[in-house]
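Thanks for coming. Please look at the structure first.

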Amino acid sequence: MKRESVKALLASEKAGAEVTLSAWVRTKRGSKNVAFIALNDGSTQHNVQVVVDLEKMGEETVEKVTTGSCIRVTGQLVESQGSGQKYEIEASKVEVLGEADANEYPLQPKKHSLEFLRENAHLRFRTSTFSAVSRIRHTLIFAVHNFFNSRGFYNIHTPIITGSDAEGAGETFNVSTLDKKNPPLTEEGEIDYKKDFFGKLTNLTVSGQLEAEAAAMALGKVYTFGPTFRAENSNTTRHLAEFWMIEPEVAFNELEDNIDLAEDFMKYMIAYTLENCHDDLVYLENRIIEEDKNKKAEDRQPMDLIEKLKFVVENDFERLTYTEAIEILRNSKPNKKKKFQYPVEGFGTDLQSEHERYLVEKHFKKPVVLTDYPKEIKAFYMRQNEDGKTVRAMDILFPGIGEMVGGSQREERLDLLLNRMEEMDIEKEELWWYLELRKFGTAPHSGFGLGFERLVQFVTGMGNIRDVIPFPRTPKNAEF
């Protein structure tokens with residue numbers, strides 16, 4: 001049986017044709033003579049209306065058709081008599097494929113809180129908001145691979161289970177098959193991981209960067225796009241325990257090349273979404289506008305959603321050093337008037353989201369790239385500058401969210417890398433293979449990381465990162 005999609009029907013020129021549509025019921029209304037059923041199959045933001053003549057087909061035809069049920073409709077596609085839709089279906093046959101008990105189905109035709117929908121994450125795809133977010137997420141996934149493939153990059157699958165902590169932060173999930181109640185012990189009384197499955201202490205990866213560097217030293221241009229994990233006990237709107245990371249690594253790229261690549265990538269991703277997800281973006285923008293009506297002026301979004309996205313695409317990113325940014329912030333009115341929650345005192349200050357957003361939204365009024373951070377607040381693998389104080393790091397800052405991209409030129413000089421690892425108490429034995437990349441044909445190289453959910457959150461305008469991943473993993477939450 002040929003089955004149409006709602007999206008294809010609404011875009012077609014098939015008025016008068018007989019069509020068959022299988023979809024889920026959003027709403028049903030009507031009288032004793034006629035029923036109007038709004039159907040959606042996930043292919044578009046829009047519903048298609050089905051008109052059922054109860055005098056011809058009988059009331060029993062729609063008795064089991066309730067919100068949430070799944071039905072198959074056959075009928076004639078006709079031009080709609082109502083406004084806001086091109087076509088509707090005059091039904092000749094209605095089959096209930098799956099009932100939904102009206103007394104039990106959680107998603108009734110009313111406004112539900114996002115928290116309630118998180119508690120029903122298995123069903124929230126059926127709402128207009130989450131179906132829009134899901135389609136945009138898919139579009140961005142496709143755009144990631146399209147961008148890198150068109151530029152000669154190779155996709156690398158880096159390990160999910162690893163023996164290293166790339167960030168050096170120690171916030172990892174351990175992977176073990178040892179008996180939890182009675183693990184084998186060493187003579188010193190410590191757990192003997194030599195008897196574990198992998199013969200050593202292992203964890204879920206926090207980044208594929210180190211392995212991507214190994215691939216870049218042979219293939220030139222590579223990228224990873226995979227799941228990463230952080231055991232950070234954080235319940236903020238910006239953190240997940242499981243999320244997806246995009247990490248390109250490019251041989252022979254220095255810091256400026258890295259920034260150029262990241263700017264091109266971000267603009268491409270957002271422009272592609274603007275071009276291909278217009279209806280979903282309009283829906284989400286209107287949703288935010290309605291929400292903002294009930295908020296204080298200072299809590300509202302600084303720009304409408306589509307305006308914000310175009311702001312990124314249409315502006316060259318402002319580039320300046322961390323030191324220059326600190327001076328701007330130190331002398332800013334919010335800092336002098338003690339309006340910042342975290343005062344900016346000088347070099348060495350770890351910038352917070354409020355500082356980053358000030359630079360983007362108030363001072364430069366465009367996306368900002370900060371470079372050359374103090375080495376004390378950055379990772380061990382970043383290339384050291386000649387001043388001995390800073391490293392060739394770069395962060396890209398966006399409106400409304402702050403940091404979007406973090407990257408650097410990598411330290412390719414073995415002696416300096418060894419010294420930095422010693423300063424930070426990072427075990428050289430664990431990363432012997434990473435150090436050998438500097439011994440055998442080392443080369444300048446750079447890369448960056450982008451948390452994919454952070455990008456989806458920015459593009460959709462959703463306020464909580466838990467609402468842009470299908471099944472969020474956060475502290476005390478692994479229900480689905």
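Helix 4, residues 128-150, packs against helix 7, residues 278-292, at an angle of about 135°, with the axes 9 Å apart. Axes here are lines fitted to C-alpha atoms, for helices over the stretch in contact, and angles run from 0 to 180 degrees between N-to-C directions. Helices are DSSP runs of H or I, at least four residues, numbered from the N terminus.

This is a predicted model: local features need pLDDT of at least 70, side-chain atom pairs count only at pLDDT 80 or more, and totals for chains, interfaces and linings use all residues. Residues are numbered from 1 along each chain as its sequence is written, and side-chain values use heavy atoms, with hydrogens and water left out.

Back to the pair. Helix 4 and helix 7 are therefore oblique to each other; angles under 35 degrees count as roughly parallel, over 145 as roughly antiparallel, 65 to 115 as roughly perpendicular and the rest as oblique.

Which residues of helix 4 meet helix 7? Among them are Ser128, Thr129 and Ala132, and on the helix 7 side they include Asp280, Leu281 and Tyr283. Contact means heavy atoms within 4.5 Å.

Now the cysteines. How many disulfides does a search of the whole structure find? The search finds zero, a disulfide being a pair of cysteine sulfur atoms within 2.5 Å. Cysteine 70 counts as buried because its relative accessibility is 16%. Cysteine 277, at 4%, counts as buried too. Buried means under 20% relative accessible area, exposed over 50%, partly exposed in between, with a 1.4 Å probe and protein chains only.

Note on methods:
Helix = DSSP H or I, 4+ residues; strand = E, 2+ residues; numbered from the N terminus.
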